[in-house]
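I set out to record, entry by entry, what I looked up in this structure. The entries follow the order in which I consulted it.

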Amino acid sequence: MNYYYTLLLLAIVFEVFGTTCMKLSEGFSKMLPSILIFVFYAISFTFFTFALKKLDVSIAYAIWAGLGTALITIIGIYGFKEPVNAMKMASLFLVVIGVVGLNLSDRLS
């Protein structure tokens with residue numbers, strides 16, 4: 001895997017950690033998850049910034065946002081027992097297909 005895509009993957013992972021901590025903080029009422037939101041997002045943005053040295057921002061951001069959304073949806077369903085239905089799963093599938101399509105379009109041009 002390309003070094004800059006590895007940095008992007010790390011940015012996504014830490015963004016997902018930060019977003020999960022948002023839920024766990026219960027509106028900033030729990031101290032540790034509240035602090036970790038900012039720590040994880042700072043790490044995420046740092047990795048993302050370094051990834052952008054060589055990756056196109058349009059492709060990198062689409063991957064970052066799309067895969068982050070997909071991972072958070074999965075965490076919500078399995079970790080927080082959020083409801084799942086056909087529309088949610090179809091929409092998640094379309095997000096993933098969109099990210100793959102954007103990534104492929106970059107390689108085809």
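**Entry 1: Helix pair H1 and H2**

I looked up how H1 and H2 pack: their axes come within 7 Å and cross at roughly 160°. H1 is therefore roughly antiparallel to H2, a label for angles over 145 degrees, whereas under 35 degrees counts as roughly parallel, 65 to 115 as roughly perpendicular and the rest as oblique. I took axes as lines fitted to C-alpha atoms, for helices over the stretch in contact, with angles from 0 to 180 degrees between N-to-C directions. The residues of the contact of H1 with H2 divide into 20 nonpolar, three polar and one charged. Here Ala, Val, Leu, Ile, Met, Phe, Trp, Tyr, Cys and Pro count as nonpolar, Asp, Glu, Lys and Arg as charged, and the others, Gly among them, as polar.

**Entry 2: Basis and overall layout**

I note that this is a predicted model, in which local features need pLDDT of at least 70, side-chain atom pairs count only at pLDDT 80 or more, and totals for chains, interfaces and linings use all residues. Residues are numbered from 1 along each chain as its sequence is written, and side-chain values use heavy atoms, with hydrogens and water left out.

I found four helices and zero strands in the protein; helices (H or I, at least four residues) and strands (E, at least two) are DSSP runs, numbered from the N terminus. The C-alpha atoms fill a box of roughly 50 × 35 × 20 Å, taken along the principal axes. Of the 109 residues in the protein, 34% are buried; buried means under 20% relative accessible area, exposed over 50%, and partly exposed in between (1.4 Å probe, protein chains only).

**Entry 3: The loop between H1 and H2**

I examined Phe-28, which lies in the loop between helix H1 (3-24) and helix H2 (31-51). Its phi is near 65°, a positive value in a residue other than glycine. Most residues other than glycine have a negative phi. Phe-28 counts as exposed because its relative accessible area is 55%.

Which side chains meet in a salt bridge? I found Lys-30 and Glu-26 joined in this way, at 3.3 Å from N to O. The term requires a side-chain nitrogen of Lys or Arg within 4 Å of a carboxyl oxygen of Asp or Glu. The structure holds one salt bridge. Lys-30 is partly exposed at 39% relative accessibility, and Glu-26 is partly exposed at 49%.

I checked helix H3 (residues 57-79): its 23 residues reach 31 Å from first C-alpha to last, close to the 33 Å expected. The expected span is 1.5 Å times one less than the number of residues. Among the buried residues of H3 I noted Ile-59, Ile-63, Trp-64, Gly-66, Gly-68 and Ile-77.

Just after H3, Lys-81 takes a positive phi of about 55°, although Lys-81 is not a glycine. Lys-81 is found in the loop between H3 and H4 and is exposed, with a relative accessible area of 67%.

**Entry 4: Ser-105 in H4**

Where does Ser-105 lie? I placed Ser-105 in helix H4 (residues 86-108). At 37% relative accessibility, Ser-105 counts as partly exposed.
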